[in-house]
Amino acid sequence: MELLCIRQWISGLLPTWLSAWCIKPVGGALVRQEPEYILLALMGSPLKKIMLCSSEKEIFSVEEQVMVQHSVIINNMIEDGSYNHEESKIPLDCVDSKTLKKVIDYCTHHTHHHNDNQEDLEAWDAQFLNVDSNGLYDLLMAANYLEIRNLLDLIYGTIKNMIKGKKIDEIRRIFNIKDHGFTPEEEEQNRKEYPHFY
Amino acid sequence: MELPEGCIANIIARTTPKDACRLCAVSKLFKSAADSDYVWGRFLPSDVVSLVSHSQSHSSLITLSTSNKSLYLALSDSPIVIDQGKMSFQLDKKSGKKCYMLAARALTIVWGDTPRYWQWIPLEESRFSEVARLEHVWWLEIRGVLSTLVLTPNTHYAAYLVFSMEEDRIGFQDCPVELSIGMLGGEASTKNVILDPESDGVRQLPNLRGNPWLEIEFGVFFVSSTEDEQVQMSVVETEAGVLKSGLIIEGIEFRPKEDN
């Protein structure tokens, strides 16, 4: 209740054109930016950083705004107060350092370059995803865990293009599927019925 | 690389219904993802529940369908009649885009209410309860209009006149008929065609679409977004003074143009 009053008071201090500007994207939706952050930014306060800890116990410092804009999980942690700025780091036990660095790269680039034209962003994304299939898998798992909508869409789209028009045997190779799980009879039946798939 | 089923489903949902059926053969996990309600829910139009429940004949299709996949296949295999028998709805099998047919009753047929010129008869081969049968006219004028809101956005559509010819038809073999299509308030494109499939000559003829029906394309148009635009079609022959008879109109169909 107190915080609400303070926020309203600060909102009142801001010129209306700036208040209208107070919108930020979070996980794909647009959310009103807290006016106190705008005011702090205007007053020249340094950009808040948060600490992310990879599975290899390496610490990465990154702008809070960057991660909050992209990762629904991190945004929720900050909003519900479970993250303590003074002493906490967010442990990400299922993301290794190499992948975490890439994820941070992606989020940082897209926050700072969100006004770039579509072509440039797409070119950067294509270059970003120019990794081997293990790297792609790791990125997908990290984006899935952190719930980074636009990165997920990008990776899903890329994988979809990888399998488009490919034969079944090739798709199995791409996904490293050693055991397809069908009985020999089922597999034979499929191959007989749809020989052009294989 | 062991992708969880949810991720596989997300990838498959971005392909096509045809691909989803094919990807069932990759592995048991792929099959489970490819058959999931999540994937086929993405292929179905978002308003499918309200569309189907407004069908007199098929309102129970939703509850009877055991899965989104079976609902999709049912809707793409055969049309359902909606809007008090004035329209039919179907899904284009390959793409899942919406197809509609305006019944003859939903069109404006000049002299259509005068029995000595046009009659309304039931026909077993029609999806609708009645079709319009031409007794005879000199003045042939049929008009139809459709709101693009019902169609799938970002799609090129073509409109087709769906009709049949009786054995003893007259007046259509040599006399061209003008087809026209355009958006309300915009320019219309017109062309002259021959409706009688057994005619010689250079003009465009109709195609067979499933006995006894023929179809001929009015033209194409693009449904851009969710703006409510009206697309208008007309079939006109009023100049030649030729007596025409033996035409049966089922309706005007709208379906996605190939290679969308």
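How many strands form the open sheet of chain B that has the order β4-β7-β13-β9-β10? The answer is 5, and their pairing is antiparallel. Let us start the tour there, after a word about the model.

This is a predicted model, where local features need pLDDT of at least 70, side-chain atom pairs count only at pLDDT 80 or more, and totals for chains, interfaces and linings use all residues. Residues are numbered from 1 along each chain as its sequence is written, chains are lettered from A and ligands numbered from 1 in the order in which they are written, and side-chain values use heavy atoms, with hydrogens and water left out.

**Stop 1: the sheet in chain B**

Select the strands of the sheet in chain B. Strands here are DSSP runs (E, at least two residues), helices are DSSP runs too (H or I, at least four), and both are numbered from the N terminus. Two strands pair if DSSP finds at least two bridges between them. Find β4 (108–109) and β10 (188–193) of chain B at the edges: each has a single partner strand, so one side of each is left without a neighbour in the sheet.

Now colour β7(B) and β13 (residues 230–237) of chain B, which pair in the antiparallel sense over 8 bridges. Click on B:Leu140, whose bridge partner in β13(B) is B:Glu237.

Next, select B:Glu141, which sits in strand β7 (residues 140–147) of chain B. Is B:Glu141 buried or exposed? With a relative accessible area of 15%, B:Glu141 is buried (buried means under 20%, exposed over 50%, partly exposed in between, using a 1.4 Å probe and protein chains only). Show side chains, and you will see that of B:Glu141 in polar contact with the side chain of B:Trp139, at 2.8 Å. A polar contact is a pair of N or O atoms within 3.5 Å; within protein, one must be able to donate a hydrogen and the other to accept it, and residues adjacent in sequence count only if both atoms are side-chain atoms. Leaving aside residues up to four places away in sequence, B:Glu141 touches B:Thr108, B:Ile109, B:Val110, B:Val235 and B:Val236 (contact means heavy atoms within 4.5 Å).

**Stop 2**

Over all chains, the structure holds 27 salt bridges. In a salt bridge, a side-chain nitrogen of Lys or Arg lies within 4 Å of a carboxyl oxygen of Asp or Glu.

Select B:Asp47 and B:Lys98, a salt bridge whose closest N and O atoms are 2.9 Å apart. B:Asp47 lies in the loop between α4 (37–43) and α5 (48–53) of chain B and B:Lys98 in strand β3 (residues 98–103) of chain B, so this pair ties together parts that are 51 residues apart in sequence. B:Asp47 is partly exposed at 30% relative accessible area, while B:Lys98, at 6%, counts as buried.

Move on to B:Arg169 and B:Asp196, another salt bridge, with 2.9 Å between the closest N and O atoms. B:Arg169 is in strand β8 (residues 155–170) of chain B and B:Asp196 in the loop between β10 and β11 (207–210) of chain B, so parts 27 residues apart in sequence are tied together. B:Arg169 is buried at 17%, and B:Asp196 is buried at 4%.

**Stop 3: a sheet and a network in chain A**

Switch to chain A and find its open sheet of 3 strands, with the order β4-β3-β5 and mixed pairing. Strand β3 (residues 49–53) of chain A runs parallel to β5(A), joined to it by 2 bridges. Select A:Cys53 to see it opposite A:Pro91 in β5(A).

Then pick A:Asp169, A:Arg172, A:Glu187 and A:Arg191, which are linked in a network of salt bridges.

**Stop 4: where the chains meet**

Finally, show both chains: 28 residues of chain A are in contact with 19 residues of chain B. Together they bury about 2,200 Å², 68% of it on carbon and sulfur atoms; buried area is the accessible area (1.4 Å probe) that two parts lose on being put together, summed over both. In chain A, highlight A:Tyr137, A:Tyr156 and A:Phe175, which lose the most area to chain B, together 27% of what that side buries.

The rule finds 3 salt bridges across this interface.
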